[in-house]
Amino acid sequence: MSLDRHEHDTENVDHGDVLNSPNYFGNVLSATMNRREVMRGGLSAAVAASFAGSALSACGGDGPGSGAVVGTKNVARSKDDRVVIPSDYSAYVLFATGDLLNAAGADKELDAITGTEMASRAGDHHDGMYFFGLSAAGALDKNSNDRGVIAINFENINQQFLHANGPTADASGNRTVADEVVKEINAHGVGLIEVKKNAGKFEVVSGSALSRRITPETEAKFAGPVAGSKWVKTKHSTDGLTSRGTLNNCAYGYTPWGTYLTCEENWAGYFDNASDATPGVEYSRYGISKGQKGSYRWATAGSDDRFARWQLNTVGADASADYRNEANTFGWVVEIDPINAAATPVKRTTFGRMAHECAYPSIITAGKKFAFYQGDDARFEYVYKFVPNKAWDASDANGGVSAGDKYLNDGVLYVAKYNADGTGTWIPLVAGTGALTAANGFADQAEVLVKTRAAADAAGATKMDRPEWCSVDHTTGDVYITLTNNTSRTATQVDAANPRANNTFGHIMRMREAGNDPAATSFTWTIFVFGSPSTNAASNLSELTADNDFASPDGLWNDPRGLMWIQTDNGHTNDMGKLCNNQMLVTIPPSSFEVKPVIKRFLVGPSECEITGIDMTPDGKTMFMNIQHPGEETKAADVNTPANYTSAWPYDRSDATKAGTKVSRPRSATLVITKKDGGVIGF
Ligand code: FEO
Ligand code: CA
Ligand code: CA
């Protein structure tokens, strides 16, 4: 979101002694290999067999040198205001910001939609998403290729384009048009949108009973140790068992019992805090300061509770009389049943509270424990995993949020510590153990979870370069994490896992659990690739070229066939941003930590967009992916002068690769990408 999009403006990268680091991919000790190598060795053969005759070629394979090559044509860098994909692929818009959930296409310009109407339309800033396949009878079906519900996060807004003349405020910045604020609120949250193939193309289903929105106003309930605790008691929920809605939903996760996990990221910036009191660490450690004003000033739109809740000031006799605790109701992982509107979204507090990027599942094996990997996206924050206490029972498949009650309310939250020798440990964050004592400010597990960042500080975890998405290669179990950038890291703060001072271009980390056990408490790790423009020799540690250079990796997905998709959220004006809009690349991770991946550029987005969110149908023939916030830097003063928009994409919904004359306001959108010959994507 906007809080982290503008941090990429410097290019003076000091790579220090990276090439001598034992953790650089070329130098990792073979001693860190484990039995997974053997399994991975079989993968290439398995993939090749599945797609016999494909263009997958083993170029170096598992030996020294370079990894296998994905069989797609490489696309060149682009600064065009359009989507660029290989010539043998096509891309069309499935739905875009402001579209009705039950009808294809745009019926109204963005500014003509009312605040209330926005609650039943696609929101803004499409982000993490997951395709839940449906059978003809409407039940969850993991094998469905032609019908499903897309669960999708609407992270934030291009505020200027939502209103006729941009946002309206008085001289003090107070919001004066309540409906504008209602609209902004309703453009956030989550969508559940039924889609179906018709005459070979996916479209939103007219009149679907499954399509619905969850907004920051939708009732949610708390579960786990924080439920009912003093931290989340508010005027809305005096018993601390419920809260309203979900906000700034960034990355995602999913469960083997058929539910969606949405993750609340940069919620802290939405609140006004006129309180005279110095905030406790449950606020200060998340960036909430005394006197702060929310980025959109929702709190100022009137006395109605919908607006008052965004003001953290102490005005009542106790917490049940005001919204002093409202910010504690965000920062969580929220579980949603994609096909049961009667199931209330559940805030699973066991995952911890942070600028939550994701909660991505490990390989899940019947009878064994499993894990969800999580990043906390802020400078010098941490990587976490949550391990439920119960092993997976396959009879719980499609069990919905009641299965979530079984697995997600009790388990262990761990934070990662990366050692310089390529090993690492998962430190449990459990009240009463280690430094997490009452004397240190952690009276119980609810307090540990509300103050997750402070607990991780006390545990001595490794401070990372803005952990964004985690992904797990389900063909191997290896875990990948994008560390998008950190321009605040100084030369004295570098470590093996974050080896670049002023890390403008970011890197991707790879981890392997001991024994390939998701519940293990130790792991090995390496740096998979460093971002950099190839034109900057000093920062180009991974020897990227004009064909595959990128910066600020963010979205990340290892698809079920073993291909890894890398999505970027790079600043638009740094050395990489000057060369290329944000993009998506693809690679096949080599089995060995010592082998260099061969990366290809698959897609470049329109001007000032971010690429984020991806899924595929099980046959590998349909990809869903998102273009977020094209034209985001357009000035509010220019919203009625289309020629001045920095982007007006999409120009032609049937062909996302077309540019055109700027007429309409730009929209975030979910694309469908297919191969023109109907074949398998990436091969
Ligand atoms: Fe919403 Fe950290 O990206
Ligand atoms: Ca992100
Ligand atoms: Ca980002």
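Accessible areas here come from the Shrake-Rupley method with a 1.4 Å probe, and for residues only the protein chains shown count as cover. On that basis, the protein exposes about 21,200 Å², of which carbon and sulfur atoms supply 52%. Please keep in mind that this is a predicted model, where local features need pLDDT of at least 70, side-chain atom pairs count only at pLDDT 80 or more, and totals for chains, interfaces and linings use all residues. Residues are numbered from 1 along each chain as its sequence is written, chains are lettered from A and ligands numbered from 1 in the order in which they are written, and side-chain values use heavy atoms, with hydrogens and water left out.

**Overall build**

- The protein has 10 helices and 30 strands, taken as DSSP runs (helices: H or I, at least four residues; strands: E, at least two) numbered from the N terminus.
- Its radius of gyration is 23 Å, close to the 26 Å that the globule rule gives for 683 residues, so the protein is as compact as a globular protein of that length; the radius is taken over C-alpha atoms, and the rule is 2.2 Å times the number of residues to the power 0.38.
- Along the principal axes, the C-alpha atoms fill a box of roughly 70 × 65 × 55 Å.
- Buried residues make up 61% of the 683, where buried means under 20% relative accessible area (1.4 Å probe, protein chains only).
- Of the contacts (heavy atoms within 4.5 Å) between residues at least 6 apart in sequence, 67% join residues at least 24 apart.

- E468 sits in strand β20 (residues 467-472) and D554 in strand β24 (residues 553-558), so the pair ties together parts that are 86 residues apart in sequence.
- E468 also coordinates the calcium ion (ligand 3), which is 3.8 Å from the calcium ion (ligand 2).
- Both E468 and D554 are buried.

**Helix α4**

- Helix α4 (residues 178-186) is largely enclosed by the rest of the structure, because seven of its nine residues are buried.
- Among those buried residues of α4 are E180, K183 and E184.
- The cover over them includes α2 (115-118), α3 (159-162), β6 (212-214) and α6 (305-308).

**Around L483**

- L483 lies in strand β21 (residues 479-483) and is buried, with a relative accessible area of 0%.
- Not counting residues up to four places away in sequence, L483 touches residues including M464, H507 and P553.

How values were computed. Buried means under 20% relative accessible area, exposed over 50%, partly exposed in between (1.4 Å probe, protein chains only). Donors are N, O and S atoms within 2.8 Å of the metal (3.2 Å for Na, K and Ca); water is not among the atoms, so sites may look incomplete.
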